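Subject: Model for you to look at

Hello,

Here is the model I said I would pass on. Please open it beside this message; my notes follow below.

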Amino acid sequence: EINALAMEALLNFFYTGELELSQENIESVFWAIDYMRLEPLLDICIEYIRDSLDPSNCLQYYVMAEMVQFSSPRSDGFKKAASALIVREIVTISECEDFLNLNVEFISKILMWSNHAANAEAMYMTILKWVGHDEENRRQFLCNLLQMLPIDAIKFEFYDTTMKNEELLQRDPKSISWLLDTFGNRIPALFACQNTASSLFIADRWSRKRCFHVNIQNPTPLALGRRPKMSHMSAVSHKEQIYLLCGSRTYKSYRLNDPQGSWTDCELDLKFGIYNAGCIVLGDDLFVIGGSDWTDDAFGDNSVMKFNFGSGRKEVLPGMVQDRTLPGVAVYANSVYAVCGDEESSIERFDPREGQWRLIEQDGTSLIGQCCSATVADYLYACDVDYGAIERFDFRAYEWEGISDLPSSTRKAYWITSVGDDLYGAVGGCIFKYDVAADQWNPFCSGMDIKRPIIVPWF
């Protein structure tokens with residue numbers, strides 16, 4: 001449809017040979033010429049637009065030039081000039097309604113134009129402004145847009161003071177992961193986390209029964225003698241030694257010195273009065289996470305303590321977002337994860353480089369309650385210690401999916417751990433190995449007098 005302004009300008013051109021353009025009629029004339037396919041006149045419009053190009057109209061004019069039915073050297077040159085101006089003045093342009101109403105494809109195009117620009121930090125703020133304008137529908141695009149930023153042009157100080165505390169990013173699990181992984185790589189690795197175990201240690205969490213050593217290559221249980229008296233304890237391994245800690249009604253922790261079953265009170269003095277805590281080792285650091293306080297019957301705790309095996313230094317860390325009793329704890333990509341715990345079905349992440357807990361996924365799993373966890377490849381597995389139900393969290397897709405439960409047991413006692421790329425599960429005194437391709441648990445070894453197992457990798 002050609003309106004009166006465009007018709008007047010075109011009729012005047014046909015009679016006088018002059019095309020009179022103004023800010024009032026340029027858009028109408030432009031679309032009329034495009035509709036009538038008057039290519040020579042389109043070049044005249046392009047020249048006028050180019051001469052009047054400024055931050056207030058460059059976005060609108062670029063969109064117009066993109067939508068014409070044919071291109072010309074002048075229109076291509078104009079689009080190049082307009083795109084350069086959009087990138088240069090993105091902070092001003094992002095304030096206008098036209099920008100906020102762009103679709104994600106056009107926002108991606110702007111980011112591609114600025115791939116090597118010096119205003120990467122401004123582009124970051126622009127992404128947040130566009131997504132925040134309609135967060136419910138646009139949050140799904142946030143992480144992909146962030147990945148298009150020229151990261152090397154963003155200073156670490158900008159990340160530390162602005163990006164890591166941005167609430168919009170904290171509401172999107174994929175963006176949080178991208179943020180920490182991207183900027184964490186700029187810092188020398190603080191921790192080494194290599195699972196070099198070749199066997200398993202298994203004990204009874206509740207009663208003072210015999211412990212066992214199971215070699216992965218020759219899975220015949222080797223009895224180690226009885227463990228020290230403590231219940232509801234946690235177990236970890238570090239440099240070929242097993243540690244038992246955080247038991248009910250005891251302040252002591254113990255170290256297994258040799259395969260013959262010689263235990264020593266190692267006096268770690270971690271989290272007095274706490275039992276059913278989640279314990280995990282990252283490098284030379286032991287993290288003691290959550291639990292219950294038997295000194296005053298408090299149920300659920302969000303406190304976290306770190307103990308360094310090398311220096312013997314203890315440190316109280318920032319607490320978790322939520323209280324957790326016997327959460328599943330695991331390590332992935334140099335970060336510590338806490339999963340579930342009584343009445344909880346969420347995941348929290350602690351990156352030592354950032355120094356605080358972040359809730360990265362909430363209510364995505366059907367598991368609610370005390371559990372144990374292990375990581376294999378890009379998956380975090382969580383197992384209900386009472387019922388054997390297992391689900392896994394895919395770090396790449398950031399979603400939960402179910403796998404086969406551990407074989408049922410009348411004792412209602414389960415635990416999982418990983419060695420290398422393999423997942424193992426204990427059901428009472430039997431150990432099973434998970435076949436990923438078949439999604440089934442195969443018998444690995446049995447014959448151990450254990451009712452409520454805890455199983456960890458060993459040397």
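Which helices each supply at least two residues of the lining of the second largest cavity? Helix 8 (104–113) and helix 9 (120–133) do. I come back to that cavity below.

First, the conventions. This is a predicted model, in which local features need pLDDT of at least 70 and side-chain atom pairs count only at pLDDT 80 or more, while totals for chains, interfaces and linings use all residues. Residues are numbered from 1 along each chain as its sequence is written, and side-chain values use heavy atoms, with hydrogens and water left out.

Overall
The protein chain has 14 helices and 26 strands; these are DSSP runs numbered from the N terminus, helices being H or I of at least four residues and strands E of at least two. Of its 459 residues, 55% count as buried (under 20% relative accessible area, with exposed over 50% and partly exposed in between; 1.4 Å probe, protein chains only). Among contacts (heavy atoms within 4.5 Å) with a separation of 6 or more, 53% are between residues 24 or more positions apart.

The cavity
A cavity is a set of points, on a 1 Å grid over the protein atoms alone, where a 1.4 Å probe fits but cannot get out; lining residues have an atom within 4 Å of a point. Grid points are joined across faces, edges and corners, and a volume is the space filled by probe spheres set on the points. The count by this rule is 3 cavities of 30 Å³ or more.

Two strands pair if DSSP finds at least two bridges between them. Strand 9 (residues 278–282) and strand 10 (residues 285–289) run antiparallel, joined by 5 bridges, and L282 has D285 as its bridge partner. The two strands form a hairpin with 2 residues between them, and G283 in the turn has a positive phi of about 65 degrees.

Strand 16 (residues 347–351) is joined to strand 17 by 5 bridges, with W357 as the partner of F350.

T417
T417 is in strand 22 (residues 414–419). Is T417 buried or exposed? It is buried, at a relative accessible area of 8%. Beyond its neighbours within four places in sequence, T417 contacts L200, A374, D422, L423, Y424, I455, V456 and P457. P457 is 40 residues from T417 in sequence and 7.0 Å away in space, C-alpha to C-alpha.

Regards

Note on methods:
1 Å grid on protein atoms, 1.4 Å probe; cavity = no way out; pocket = protein on both sides within 12 Å on 5 of 7 lines; lining within 4 Å.
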